[in-house]
Amino acid sequence: MGVLQEFLNYLEVQENNGSIYVWGAQGQGGEVISENWIRQMETSRNNADRAIALWKKRKAEGKNALRAFDCSGLIMYFFQNLKGILKSDTTAHGLKGMCGQLSESQLLPGDFVFRVYTSGANKGRAYHVGVVVDAEKNVIEAKGRDYGVVKRPLNAEAGYWNAFGRPAFLKAEIEGGAAAAQPAPVGWELSRLLKRTSPMMKGEDVRAVQNALIFKGYHCGNSGADGQFGAGTESAVKAFQKANALADDGIVGENTCKKLGGIWKGSKAAASVPSASWKLSRLLKRTKPMMKGEDVRAVQNVLIARGYSCGKSGADGAFGDGTRDAVMRFQKANGLKTDGIIGKDTCAKLGGKWNA
């Protein structure tokens, strides 16, 4: 059985079990659910009262296997908690960012349907999500505190669902009925290091990396694959690197690119950040005469590999103005004191070992 069919079966089970809606809930069940727990989770006394009323009703009906979800939690519990396909929690809008856009006529079982704001500052932002579960386009959703998890026709309420998407991590199964989703497409290329900078890096190469991350279940933020390397993308890269035994520095170089399925076209100098085997036993800074040594060269190599040019001389082992400026840019980008001096904190952030 493929993941898609498991997911659809799981949704049917939650609807049959009378699972309830609680704000922020993601599959809690059994003794965890109590009146006090619901009140702690909920956003107001009134909302808690409504959720508690449905919970008590379901228990009176003998629905002892019920669980508690909010709308995105119904989906995330399966893909994050049960399957480990998605690595970090997200909202309805975050799930929308993982989807390719569809028209209503293109919907198939497994596709997501959304309620989005149609005007104002939040125009286009999703605030509710459900899942198409069969060829008749019935939808299962965690509808709300008065309803819990329900199954209804797509158009049970005219205009209720107003955006539609196909999740990248189910796309192959939805479209082809494959037993398992195919690997992320290859063919995209990188010719530079991608990382979080100020101003943000932008481009189709960033978008390609984001699409590859999303396909593999790493959420890049509520904007999805927007071609901008922001905090959400950096976090996704780090999570992917950590899960794949790569240096989790948030920088997409040769090793990360290849692991994501891309083709590395960048220079060898920028291919990957050196390992954390170099050490420092003194402060490195701009002095007269200039500090020189293999420790300076090691730091320069790391800075250059991370995309911080040390000047025309490159890694020449001399701590000049170019190296100081590179250190300051690195420090600023990483929330360190911007003094151009490499001490314990900057050394550690660069991946070295401080022995002074």
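This is a guided tour of the structure, stop by stop.

**Before you start**

The model is predicted: local features need pLDDT of at least 70, side-chain atom pairs count only at pLDDT 80 or more, and totals for chains, interfaces and linings use all residues. Residues are numbered from 1 along each chain as its sequence is written, and side-chain values use heavy atoms, with hydrogens and water left out.

**The whole chain**

Along its principal axes the C-alpha trace spans about 80 × 45 × 40 Å. The protein has twelve helices and 13 strands. Helices (H or I, at least four residues) and strands (E, at least two) are DSSP runs, numbered from the N terminus.

Of the 356 residues, 49% count as buried. Buried means under 20% relative accessible area, exposed over 50%, and partly exposed in between (1.4 Å probe, protein chains only).

Contact here means heavy atoms within 4.5 Å. Among contacts with a separation of 6 or more, 55% are between residues 24 or more positions apart.

**Stop 1: the three-stranded sheet**

Select β1, β2 and β3. They make an open sheet in the order β1-β3-β2, with mixed pairing. Two strands pair if DSSP finds at least two bridges between them. The edges are β1 (20-21) and β2 (26-29), each pairing on one side only.

Now look at β2 against β3 (residues 67-69). The two run antiparallel and are joined by three bridges. Pick Gln 28: its bridge partner in β3 is Ala 68.

**Stop 2**

Select His 128, in strand β6. Is His 128 buried or exposed? It counts as buried because its relative accessible area is 7%. Show the side chain of Glu 141 next. A polar contact of 2.7 Å joins it to the side chain of His 128. A polar contact is a pair of N or O atoms within 3.5 Å; within protein, one must be able to donate a hydrogen and the other to accept it, and residues adjacent in sequence count only if both atoms are side-chain atoms.

Leaving out residues up to four places away in sequence, it touches Cys 71, Ala 92, Val 113, Phe 114 and Arg 115, among others. Tyr 160 and Trp 161 are also among them.

Move to Arg 115, in strand β5 (residues 112-116). Arg 115 is partly exposed, at 23% relative accessible area. With the same exclusion of residues up to four places away, Arg 115 touches Arg 125, Ala 126, Tyr 127, His 128, Tyr 160, Trp 161 and Asn 162. Draw a C-alpha to C-alpha distance from Arg 115 to His 93: it reads 9.4 Å, across 22 residues of sequence.

**Stop 2: the cysteines**

Colour the cysteine sulfurs. How many disulfides are there? The count is zero. A disulfide is a pair of cysteine sulfur atoms within 2.5 Å.

Centre on Cys 99. The nearest cysteine sulfur, that of Cys 71, is 13 Å away. Cys 99 is buried, at 17% relative accessibility.

Go to Cys 310. Cys 310 is buried, with a relative accessible area of 6%.

**Stop 3: backbone details in loops**

Select Ser 198 and Pro 199. A cis peptide bond joins them, with omega about 0°. Pro 199 sits in the loop between β10 (189-190) and α7 (204-215).

Next, Lys 288 and Pro 289. Their peptide bond is also cis, with omega near -5°. Pro 289 is in the loop between β12 (279-280) and α10 (294-305).

Two residues other than glycine have positive phi. Lys 137 has phi near 65°. Find it in the loop between β6 (126-132) and β7 (138-144). Lys 137 is partly exposed, at 22% relative accessibility.

Finish at Ala 245, where phi is near 60°. Its loop runs between α8 (231-243) and α9 (254-259). Ala 245 is exposed, with a relative accessible area of 74%.
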